[in-house]
Amino acid sequence: MTEQQEDYPSEIHAGLVAFSDSLKAVDDVFKPFLQMAVEDLEKLEALDQAKLHLTAVYAINSLFWIYLTTQGIDPKDHPIKSELDRIRSYMNRVKEIEDKRKAAKVDKAAAKRIVKNALWEPSKQAAGSQVKQTSEKRKQDDRIGPQAKKKKE
C-alpha cells in the first residue's frame, strides 16, 4: 500500500483505508445473497421475498449514491434520489402489511357472546319495581341537595 500512497495526498490515507475496509464489509454481507440458489428464494414466503428484494435493491442503489458522491456528482439532483424514495415507499408498504398480519384479530361472534353474557338482564317484575325505586331515590336526593349527599357519603 506504500506504493499507492504516493499517488494521493497522505492526509486522506486514513479515510481511504476506512473506505476500503467498509467496502470489504459490504462484500462480506453480499456474499451469502449472491451464493443463494434461486430455488431457496422461491421457498420463502412472498412477504419475505419482497423484503429480501427490496433490501438488495436499496443497498445497490445506496452504493450507486456513494459512487456518484465519489465522482463529485451531487446525488440529490440525480434520478437515483427518486429511485431510493420509491424503494423506501415500497419498504414502508411491506412493513404496513407485516404489521397488519401481526395485529390481533377479533372474533366478533365470541365478543358478542361475552358481552351478552356479561350484561345483567333484570326480570320483568323486578325491572318495574326497580325503576320506581330509582326514580323515588332521585326525587329524594333532589330534595336533600348535593351538599347533604356529600355529608352522607
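At what angle do the axes of helix H4 (residues 46-70) and helix H5 (residues 79-102) cross? In this predicted model, the two axes cross at roughly 155 degrees and come within 10 Å. Angles over 145 degrees count as roughly antiparallel, and H4 and H5 are therefore roughly antiparallel to each other. The other topic here is the largest pocket, to which H4 also contributes lining residues.

**Packing of H4 and H5**

- The crossing of these two helices is left-handed.
- On the H4 side, the contact is made by Leu47, Ala50, Lys51, Leu54, Thr55, Val57, Tyr58, Asn61, Ser62, Phe64, Trp65 and Leu68.
- On the H5 side, the contributors are Ile80, Lys81, Glu83, Leu84, Ile87, Arg88, Tyr90, Met91, Val94, Ile97, Glu98 and Arg101.
- Sorted by class, this contact holds 15 nonpolar, three polar and six charged residues.

**The largest pocket**

- H4 provides the largest share, with four residues.
- Eight of the lining residues are nonpolar and one is polar, while none is charged.

Methods: Residues are numbered from 1 along each chain as its sequence is written. This is a predicted model: local features need pLDDT of at least 70, side-chain atom pairs count only at pLDDT 80 or more; totals for chains, interfaces and linings use all residues. Side-chain values use heavy atoms; hydrogens and water are left out. Axes are lines fitted to C-alpha atoms, for helices over the stretch in contact, and angles run from 0 to 180 degrees between N-to-C directions. Angles under 35 degrees count as roughly parallel, over 145 as roughly antiparallel, 65 to 115 as roughly perpendicular and the rest as oblique. A crossing is left-handed if the near helix is turned anticlockwise from the far one by less than a right angle, and right-handed if clockwise. Contact means heavy atoms within 4.5 Å. Ala, Val, Leu, Ile, Met, Phe, Trp, Tyr, Cys and Pro count as nonpolar, Asp, Glu, Lys and Arg as charged, and the others, Gly among them, as polar.
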